[in-house]
Amino acid sequence: MIQTERLVQNFCKLVSFDSPSYGERRICDYLKTALQQLGLTVTEDDAAKTIGGNAGNLYAVLPATAGMEALPPLLFSGHMDTVEPSHGKQAIVHTDGTITSNGETVLGADDCAALAAILEALSVIQEKHLPHRTLEILFSAAEETYCVGIGAFDFNKLQAREAYILDMSGPVGGAAIQAPTILSFRITVQGRAAHAGFVPEAGVHAIATAASAIHDLKNGWLDEQTTRNIGTISGGTQTNIVPETCMVSGEIRSFSHASAMAAWEETQAAFRRAAAQNGATLDMTHTMHVHAYHTPESHPVVKRFEAVCQKQGIPCSLRSTMGGSDNNPLSEHGITGIVLATAMNHTHSCTEYTSVDELERISAITVDLMCSEV
């Protein structure tokens with residue numbers, strides 16, 4: 001049923017648009033037209049104003065066919081933005097079916113593979129007059145910047161309580177059922193400047209204070225669920241001045257939201273101790289990007305996916321991921337979903353690639369999910 005030539009051409013077209021986070025206008029317009037031509041009712045929200053971008057989130061609905069109205073709606077989601085370097089990216093289709101960029105940009109399969117697969121699935125459904133339940137489509141802006149775009153979406157618009165988010169690397173058939181809370185933090189240590197050669201004792205060494213706190217903190221895996229990383233440290237102005245200021249930033253991830261918050265409290269406590277010992281002051285802030293979720297393997301959203309994979313003879317693999325996605329905020333708003341592997345490999349690099357076969361597989365899975373009566 002999948003029209004491979006159309007699928008690949010559409011994927012290549014989507015890749016050709018420059019669509020960095022906060023700059024998705026052209027791809028948004030293309031998708032809006034494509035969805036309307038497929039018979040969906042499409043609206044673009046005003047998230048662009050909220051997040052400082054040039055495109056909002058696209059939300060589209062295809063009503064159920066006769067006899068399928070009683071089945072609960074399903075949501076299918078992907079994101080419109082790509083990471084850098086992305087300007088001028090072009091898809092190169094190789095003779096073995098592999099698709100890459102020219103090596104100077106990312107390919108953008110993350111997440112153009114999802115956009116292409118969803119459009120192809122909708123095309124097949126309309127062409128073949130396949131029965132389906134009510135389908136909702138959400139194409140978000142600025143997902144790569146910690147899901148900022150979907151964070152500005154009005155979730156009251158959604159009818160669906162179950163979702164498939166097409167946005168994970170690895171072989172098609174994989175799905176993430178668990179993802180972490182992710183928070184980033186920034187700590188500024190304020191000491192006191194003094195001449196390092198004449199009166200160093202008059203200063204309060206901000207870098208030494210920060211180093212003392214970092215020394216007391218474990219980085220990497222804190223337990224089986226939680227990681228912490230001090231990612232940057234900067235401070236001081238000249239070699240003959242006791243450094244007055246030091247800035248530290250980092251992140252914490254955990255499958256347990258409570259554990260993530262406990263790790264942040266531990267981080268703050270270490271810096272408070274060091275500051276008190278050295279006579280420094282602190283400014284500590286954190287940003288909560290996404291909250292952890294765990295979708296039970298017994299949930300219908302999982303069982304339906306497993307059944308579709310079995311039908312198509314595709315091995316199904318359920319796993320956890322330490323990365324966030326739009327499924328995190330969807331989960332916060334009472335929508336249970338899983339994140340599907342979507343024909344993307346080596347994402348966030350210039351060696352990113354996909355393949356024609358994998359694009360066909362994820363498109364076929366999407367068709368069967370949309371038409372499932374389970």
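**Cysteines, fold and backbone of a predicted model**

Across the whole structure, a search returned zero disulfides, a disulfide being a pair of cysteine sulfur atoms within 2.5 Å. In general, such a link is a covalent bond between the sulfur atoms of two cysteines. Because the sulfur of Cys12 lies 10 Å from the closest cysteine sulfur, that of Cys112, this pair is too far apart for a bond. Cys246, at 0% relative accessibility, counts as buried, where buried means under 20% relative accessible area, exposed over 50% and partly exposed in between, with a 1.4 Å probe and protein chains only.

Residues are numbered from 1 along each chain as its sequence is written, and side-chain values use heavy atoms, with hydrogens and water left out.

The chain contains 10 helices and 17 strands, taken as DSSP runs (helices H or I of at least four residues, strands E of at least two) and numbered from the N terminus. The C-alpha trace spans about 85 × 40 × 40 Å along its principal axes, and of the 374 residues in the chain 53% are buried.

Helix α4, which covers residues 109–128, comprises 20 residues and reaches 27 Å from its first C-alpha to its last, close to the expected 28 Å at 1.5 Å a residue; the expected span is 1.5 Å times one less than the number of residues. This helix is mostly covered, with 17 of its 20 residues buried. Just after the helix, His129 adopts a positive phi of about 55°.

Most residues other than glycine have a negative phi, and most peptide bonds are trans. Tyr22, although not a glycine, has a positive phi of about 75°; this residue lies in the loop between α1 (4–16) and α2 (25–37) and is partly exposed at 29% relative accessibility. Ala142, also not a glycine, has a positive phi of about 50° and is placed in the loop between β6 (135–140) and α5 (148–151), where its relative accessible area of 0% makes it buried.

The loop between β3 (74–79) and β4 (92–93) holds Ala91 as well as Pro85, the latter joined to Glu84 by a cis peptide bond with omega of about -5°.

Five aromatic pairs were found, a pair being rings of Phe, Tyr and Trp (its six-membered ring) with centres within 6.5 Å, classed as stacked when the planes are under 30 degrees apart, edge-to-face when over 60 and tilted for the rest. Ring pairs link Tyr59, Phe153 and Phe155 into a cluster.

The largest pocket is lined by 22 residues, of which Glu143, Gly323, Gly324, Ser325 and His348 lie nearest its centre. A pocket is an open set of points on a 1 Å grid over the protein atoms alone, where a 1.4 Å probe fits, with protein on both sides within 12 Å along at least five of seven lines, and lining residues have an atom within 4 Å of a point.

Conventions
Predicted model: local features only at pLDDT ≥ 70, side-chain atom pairs only at ≥ 80, totals over all residues.
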